[in-house]
Amino acid sequence: MAMAWNLLSKFAMKKIMYIREDPSKRLPEVIEWARRFDLTGRYAKAFDMLDPFVKDERNNWNRMARSLISELDPICLNKLVANLAVNSFLASAPKRERLTKRESHNIPWAILMDPTASCNLRCIGCWASEYRKTDGLDEALLDRIICEGKNLGIYMYIYSGGEPLIRKDDILRLAERHQDCYFLAFSNGTLVDERFAEECRRLGNFTLALSVEGFEAETDLRRGKGTYRKVIDAMDILKSHGVPFGFSTCYHRHNTEVVGSSDYVDFMVEKGCRFGWYFTYMPLGHDADLTFLATPDQREYMYRKVREYRNSKPIFLLDFWNDGEYVNGCIAGGRNYLHINAAGDVEPCAFIHYSTANIKEMSLLDTIKQPLFMEYAAGQPFNENHLRPCPLLDNPEKLRDMVLRSKAKSTQLLDEEDVVSLTAKCEDVSIAWAARADKLWNERKHG
């Protein structure tokens, strides 16, 4: 794979330089080139959808592509194409599919892992707040996970925490060691400086999703006074170095109308964000504040706004819950991704803190075969309505049954929240959303 990656990397760099000379004419040519790497036809519909966009300079996706080509550092742009588009999506997909069939269980596309549970902030409603803060995965273990993952055809690695940039030197070394992979870290942005940005530019295969909750008032409400200004400064630093980055936003009862507004998305584009990843508040931990849960009106608002902006804004937006219709429901439990927390527990999802396997005691492949993951595979999709994808927020009875059947243990070592108590907190909100989601699903199906 290393030799193939080197050839693809060099070829991708030539194509990028080729596009820069005349983006309007040459973008369509390169899309056709990329289509040839989709040997199984897995992404044929996506390529068909892209074709008319790349030929229309007024189209928002066309504007975004031309912006990437002209503003990103050439090394970063090269790795974005060679590592993320080619290695992670196209070239490795057939291998994961073969292994999935051979092993009779899912091989994920991406691995989310926590180098540390420590953080320099204490945000209201943080999904990681109940982990033990002294836990961490050492560099050798992270390296082992990546090596084993590549053997399974996994080339996308995502860091969360805690604050992953507390371990910035370690994770940058891993990005340099594994130059055929692509790395993304969810970060609060407060530890980004010029040196770090220059290293990201030099490596090209490491990017950030910066956590921001709206404008200054909304961000500082959850993250602490002064945090917003530090995040905006981080965006300015990364943009000046030509490093791609995006925003990560949790929408909840008190900020949805702001973070879903056109003004907010336009400002994120102006600051240089290339993507935006929306999540919704989850009531994890015995002390979770249920007043932060988004209402059905707010969730529908985000559903409609994100789809509107995909046809008008030059930025790639994702909604972790409302986009279930595009991926046939829940993607967790190893179906498309899994989560390894800082104690080594291999969990189905960053928001599902139960496990029957630890990476420190077994191979990555064996952790994917754990009883809880097999329950996930048997139950997915958890609802025929893919706007109700989550086994906790949308179908709490499904998570409760899977955890109890698999005898999975809580990985929240600070409070060891049992699954019956957790799912009880989501019963009312799931019922309220069900009626709205069914209406939207029928509306969508009849298009």
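**Close-up 1. Helix 10 meets helix 11.** The axes of helix 10 (residues 216-223) and helix 11 cross at roughly 115 degrees and come within 8 Å of each other. Axes are lines fitted to C-alpha atoms, for helices over the stretch in contact, with angles from 0 to 180 degrees between N-to-C directions. Helix 10 is therefore roughly perpendicular to helix 11. That label covers 65 to 115 degrees; under 35 is roughly parallel, over 145 roughly antiparallel, and the rest oblique. Helices (H or I, at least four residues) and strands (E, at least two) are DSSP runs, numbered from the N terminus. The model is predicted: local features need pLDDT of at least 70, side-chain atom pairs count only at pLDDT 80 or more, and totals for chains, interfaces and linings use all residues. Residues are numbered from 1 along each chain as its sequence is written, and side-chain values use heavy atoms, without hydrogens and water.

**Close-up 2. The largest nonpolar core.** This core has 63 residues. Met-113, Phe-206, Tyr-278 and Ile-340 have the most contacts inside it. Helix 11 (residues 227-240) gives the most to this core: seven residues. A nonpolar core is a set of buried Ala, Val, Leu, Ile, Met, Phe, Trp, Tyr and Cys residues joined through side-chain atoms within 4.5 Å. Buried means under 20% relative accessible area, exposed over 50%, and partly exposed in between (1.4 Å probe, protein chains only). In soluble globular proteins, nonpolar side chains tend to be buried together.

What does Phe-206 touch, leaving aside neighbours within four places in sequence? Its contacts include Tyr-159, Ile-171, Phe-183, Phe-196, Cys-200 and Val-243.

**Close-up 3. One face of helix 9.** Phe-196, Ala-197, Cys-200 and Leu-203 are the buried residues of helix 9 (residues 194-203). Seen down the helix 9 axis, they fall within an arc of 130 degrees, so they line one face of the helix. The arc is that of the directions from the helix axis to the C-beta atoms. Their cover includes helix 5 (74-91), helix 8 (168-177), strand 4 (206-211) and helix 11. Just after helix 9, Gly-204 takes a positive phi of about 80 degrees.

**Close-up 4. Backbone exceptions in loops.** Most residues other than glycine have a negative phi, and most peptide bonds are trans. Ser-104 is not a glycine, yet its phi is positive, about 60 degrees. Ser-104 sits in the loop between helix 6 (93-103) and strand 1 (110-113), and is exposed at 57% relative accessible area. Asn-328 also has a positive phi, near 60 degrees. Its loop runs between strand 7 (316-319) and strand 8 (337-340). Asn-328 is partly exposed, at 46%.

Two peptide bonds are cis. One joins Gly-161 and Gly-162, with omega about 15 degrees. Gly-162 is in the loop between strand 2 (156-159) and helix 8. Another joins Gln-380 and Pro-381, with omega about -10 degrees. Pro-381 is in the loop between helix 16 (371-379) and helix 17 (396-406).

Methods. Contact means heavy atoms within 4.5 Å.
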